[in-house]
Amino acid sequence: MQEIKVELTQNPKQKPADESKLGFGKIFTDHMYIMEYNPEKGWHNPRVEPYHAISLEPSAMVFHYGQEMFEGMKAYKTEDGRILLFRPDKNIERANNSNRRLCIPEIPAEDFLNGLKKLVEVDQDWIPTQPGTSLYIRPFVIATDPFLGVRPSDTYLFMIILSPSGAYYESGLDPVKIWIEDDYVRAVRGGIGEAKTGGNYVASLKAQVKAHDEGYSQVLWLDGVERKYIEEVGAMNIFFKINGKVVTPVLNGSILPGVTRASCIDLCRHWGLEVEERRISVDELVAAAKDGSLEECWGSGTAAVISPVGHLRFEDSVMQIGGGGIGPVSQKLYDTVTGIQTGKLEDTLGWTVRVK
Ligand SMILES: *Cc1c(COP(=O)(O)O)cnc(C)c1O
């Protein structure tokens, strides 16, 4: 493991006074983590520095061909002052899966975790404590060779930045309305859908704008080949409860394997619910909504943790699920996952890692 140099800021920023106005992804803490890669030294020079703008050549490869990987996770401060990360090993493993797919050199897991912990420790006073708030953590890698040819870059920057974020739901869980998109697609098997990378997001913008214009908050994607099978929501995986069984699309290469998704599956099985990971066609869903067997639907992802879905729209049919309210499994998952994350519930599954 490499030793991290720490340079503390001489000009600490004013911390936000009102935690109810944090929003998401707008405020950044006093420090950042940086590590560099070149073929001679590998990943080297890990350091924590004051948060600052970076300077890159306009020819840096990331600007032209999108060679970049990112992650998203959160840190929480418990009532008794501990600082917890939620399953960071899963994010680190996924980051390196994404890196391999994107021809980015893998980051040694221990340097990644060590950097993460160090940075969060340095900026621990920025972790908000009101219910539902957290410190959002954004690790990412960019390709930096100044070169316009198409090939994997030789040099990279790995950075981690932190953003205190507000409660996703101001007043308890709130069901969302989701648009099932059958024109645009997000990803195809064999593409980069299972990597966490900017390219998947730029591919999604057009449909997201369309869905917003129609009054829907997010897009549910269908498979890119037949546009028939359910894949996932913008930045969340999707679950259904049909006839008493929990059903979620099987990881098929074009779906992002969410850490929250894996945790939901584990918890549901732990509670004795039957969980099926399989293909689900949109026709099956429409039929289940019609005959009343579609009991619940929720999205899972780091930002909202659990997002109950009250309405799904596919072409001209609007499906109301569970009366448009919050289903019992959605609520129990939300309470359990957030309870473990914030240290309110005992972590019997060993999912949290202490920063301190
Ligand atoms: C990050 C992400 C998710 C959710 O993953 P978590 O690890 O649960 O946060 C789902 N879908 C996409 C496309 C994502 O980028």
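Predicted model: local features only at pLDDT ≥ 70, side-chain atom pairs only at ≥ 80, totals over all residues.
# Cut-offs behind the labels

Biologist: Glu-315 is found in the loop between β16 and β17 (317-320). What makes a stretch such as β16 a strand?

Modeller: Strands are DSSP runs of E with at least two residues, helices are runs of H or I with at least four, and both are numbered from the N terminus. Residues are numbered from 1 along each chain as its sequence is written, and side-chain values use heavy atoms, with hydrogens and water left out.

Biologist: Why is Glu-315 called partly exposed?

Modeller: Buried means under 20% relative accessible area, exposed means over 50%, and partly exposed is in between (1.4 Å probe, protein chains only). Glu-315 has 46%, so it is partly exposed. Val-305, at 5% relative accessibility, therefore counts as buried.

Biologist: What is the phi of Val-305, and what is the phi of Glu-315?

Modeller: Phi of Val-305 is near 65°, and phi of Glu-315 is near 50°. Each is a positive value in a residue other than glycine.

Biologist: How do you know that Glu-49 forms a salt bridge with Arg-47?

Modeller: The rule asks for a side-chain nitrogen of Lys or Arg within 4 Å of a carboxyl oxygen of Asp or Glu. The closest N and O atoms of Glu-49 and Arg-47 are 2.8 Å apart, so the pair meets the rule. Glu-49 is buried because its relative accessible area is 15%, and Arg-47 is buried because its value is 13%.

Biologist: How many salt bridges does the structure hold?

Modeller: The structure holds 18. Among them is Asp-80 with Arg-82, at 3.1 Å between the closest N and O atoms. Asp-80 is exposed because its relative accessible area is 56%, and Arg-82 at 23% is partly exposed. Lys-245, Glu-274, Glu-276, Arg-278 and Glu-284 are linked in a network of salt bridges.

Biologist: What is domain 1 and what is domain 2?

Modeller: Domain 1 is 5-165 and domain 2 is 176-341, with bounds from an automatic or database domain assignment. Their C-alpha centres lie 27 Å apart.

Biologist: How do you know that domain 1 and domain 2 are in contact?

Modeller: Contact means heavy atoms within 4.5 Å. On that basis 19 residues of domain 1 are in contact with 20 residues of domain 2. The domains bury about 1700 Å² between them, 59% of it on carbon and sulfur atoms. In domain 1, Phe-70, Phe-86 and Arg-94 lose the most area to domain 2, together 36% of what that side buries. Buried area is the accessible area (1.4 Å probe) that two parts lose on being put together, summed over both. The rule finds one salt bridge across this interface. Arg-87 forms a salt bridge with Asp-266, with 4.0 Å between the closest N and O atoms.
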